[in-house]
Amino acid sequence: MSDSGEMSEFGYIMDLLARGKVTIKNIERELICPACKELFTHPLILPCQHNICHKCVKELLLTLDDSFNDVGSDNSNQSSPRLWVTSPSLDKIDRINRPGWKRNSLTPKTTTFPCPGCEHDVDLGERGINGLFRNFTLETIVERYRQAARAATAIMCDLCKPPPQESTKSCMDCSASYCNECFKIYHPWGTIKAQHEYVGPTTNFRPKILMCPEHETERINMYCELCRRPVCHLCKLGGNHSNHRVTTMSSAYKTLKEKLSKDIDYLIGKESQVKSQISELNLLMKETECNGERAKEDAITHFEKLFEILEERKSCVLKAIDASKKLRLDKFQTQMEEYQGLLENNGLVGYAQEVLKETDQSCFVQTAKQLHLRIQKATESLKSFRPAAQTSFEDYVINTSKQTELLGELSFFSNGIDVPEINEEQSKVYNNALINWHHPEKDTADSYVLEYRKINRDEEMLSWNEIEVCGTSKVISELESNCNYAFRVRAYKGSICSPCSRELVLRTPPAPVFNFLFDEKCGYNNEHLLLNLKRDRVESRAGFNLLLAAERIQVGYYTSLDYIIGDVGITKGKHFWAFRVEPYSYLVKAGVASSDKLQEWLRSPRDAGSPRYEQDSGHDSGSEDACFDSSQRFTLVTIGMKKFFIPKSPTFNEAENRVLPMPTSIGVFLDYDKGRVSFYDMDHMKCLYERQVDCSSTMYPAFALMGSGGIQLEEPITSKYLEYHEDV
């Protein structure tokens, strides 16, 4: 950029500052380092395109370096790790600045740290800090801001005799500021110094030429469009950018300057719109504050009503307990007084002794009869002592379990929005996840929010990801393989939302989905097998031709298997596919087979109607059980009669351990590079059986049917991408 161009742009910025169109506060926000929260000092551009001070990068690396050493040391205090290094030693700083710096061989090299701006990990590579560009443009803007902020403070001439005069120019080559007289003296016409580059008064003397950090003697003269960074000609000829598309620096400068100018003009042109939106946001904030306070008051009122009810019930319950306690104590007191009357010289006993002194027989009989009955009754109570009341208050225990559950579910449910429920049967997960749910009152909800998160192996829950959905189903893309994911959904009507549904946890397959269809060309027996037009379902019609050839069937005849394979082979990598076997199927075999083995099976098609038909030796229905240890060119499992039969192996040898209920859907996982195949129950993503397989040639998904049966490939397997029609 020319001097006049820089000065005109600077004047334009100052004019905007003067007119208040760009506030100093807004500019300052862009010029503050995210690490030290101060104005940038020698800013460096990180690979994530954020800027950071040169000293801050050093301190971050030193912090991580020392933190690693503290953790690895037996004497480190893990409760109070050092989070910041305020005064790093010169020796450490020198080591970090050197390209390829290393510590002792037992300590790993620290060149990765989280960017303070975006918190993404930044890898500096082998060159460390020396591999970063210095942002000279940002330095210039920071210096301009400093000058605008302290406009009253003039920059003085560096060459004047005391007292110095105010400078009018700064020489970028001499890195000094001059007044008019000193500039003429030290930059006379006709000399080399007269050709020096000069600008307005400044204290920021940056280098004239931007040098390549990879090749320190080469200047930057090109722009890599792929990496979006300046490069030199050596980077393009034999460096990391040799195969990248580059353009000239002037072309990149022109293009980026036009884009940035258009962006600035657009923002300035939308000034009135932004102001109106800010005013609207202020009104919305005030309205939100008022509505929030009103909602708090309503909530407090509801809780106070609950408190009043609880206090009233508490008073009634305590009164009932006190009344029952008093009644029981009175009964115990009366019974105790009766028993005390039985004691000698007290009450009934004393009275009886006085009656015995009566000598008149008629008077004695008159009194003694009633006294005898009373003593007899007292004696009987001594023989069978029974307390007059119970001490237990079991009948007065408060049962609050139902109320506690209701209070625990207390939420903003005032408008009666029902909780949506996820349909587990219709929800599936492969590379992508299809989540279906239903709402008891679908028309009452305006929208739904589907939340999902990954569950780590140590059951650590990550934060929820939210997706707003208008219908009752959603496809979530780009899920990681062999991971557990939790899903839940809630309904919204206006600003009121329902509680979240019960969480559904699904596990993704151990490998990406392998897409294929049934191959109707390679060995396909159209007399016994019926393939639909989509080529994702095959049914066995075996039996009709066998019935026609019944007169030629001899004793010991075995019905043959009819094979069908996938139309795509596998030569490397990890792959997963899934299928369903119809419950009425008599016998189905499924797994993988090499191209060599398939040629052996399909070389001579069999004709059950021929009298020369060779009886099946059974090699394709049980030979996978022949050996346990050696790797073979195919592996098939047997499904039929609503059962899943596991082949013989050292792990599964007993008959009762080899027969499992047939899963709704069966998955196959082939690790070609390791030569291993596994079979999964898709309902629980549980491995049922696995073994080694010879993958020296191309492997194909292989299926075989005997008798009546049907195989349906799952929809994600038959389509290139998982696409479902969502309810909108």
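The model is predicted, so local features need pLDDT of at least 70 and side-chain atom pairs count only at pLDDT 80 or more, while totals for chains, interfaces and linings use all residues. Residues are numbered from 1 along each chain as its sequence is written, and side-chain values use heavy atoms, with hydrogens and water left out.

Let's start with an open sheet of three strands, in the order E2-E1-E5 and with antiparallel pairing. Strands here are DSSP runs (E, at least two residues), numbered from the N terminus, and two of them pair if DSSP finds at least two bridges between them. Strand E2 (51-53) and strand E5 (133-134) are at the edges with a single partner strand each, so one side of each has no neighbour in the sheet.

Next, the largest nonpolar core has 44 residues, and Phe576, Trp577, Phe579, Leu670 and Phe703 touch the most other members. Such a core is a set of buried Ala, Val, Leu, Ile, Met, Phe, Trp, Tyr and Cys residues joined through side-chain atoms within 4.5 Å; buried means under 20% relative accessible area, exposed over 50%, and partly exposed in between (1.4 Å probe, protein chains only).

Finally, there are 20 salt bridges, each a side-chain nitrogen of Lys or Arg within 4 Å of a carboxyl oxygen of Asp or Glu. One of them joins arginine 676 and glutamate 690 (3.6 Å, N to O). Arginine 676 is in strand E30 (residues 676-681) and glutamate 690 in strand E31 (residues 686-692), so the pair ties together parts 14 residues apart in sequence.

Technical notes. Helix = DSSP H or I, 4+ residues; strand = E, 2+ residues; numbered from the N terminus.
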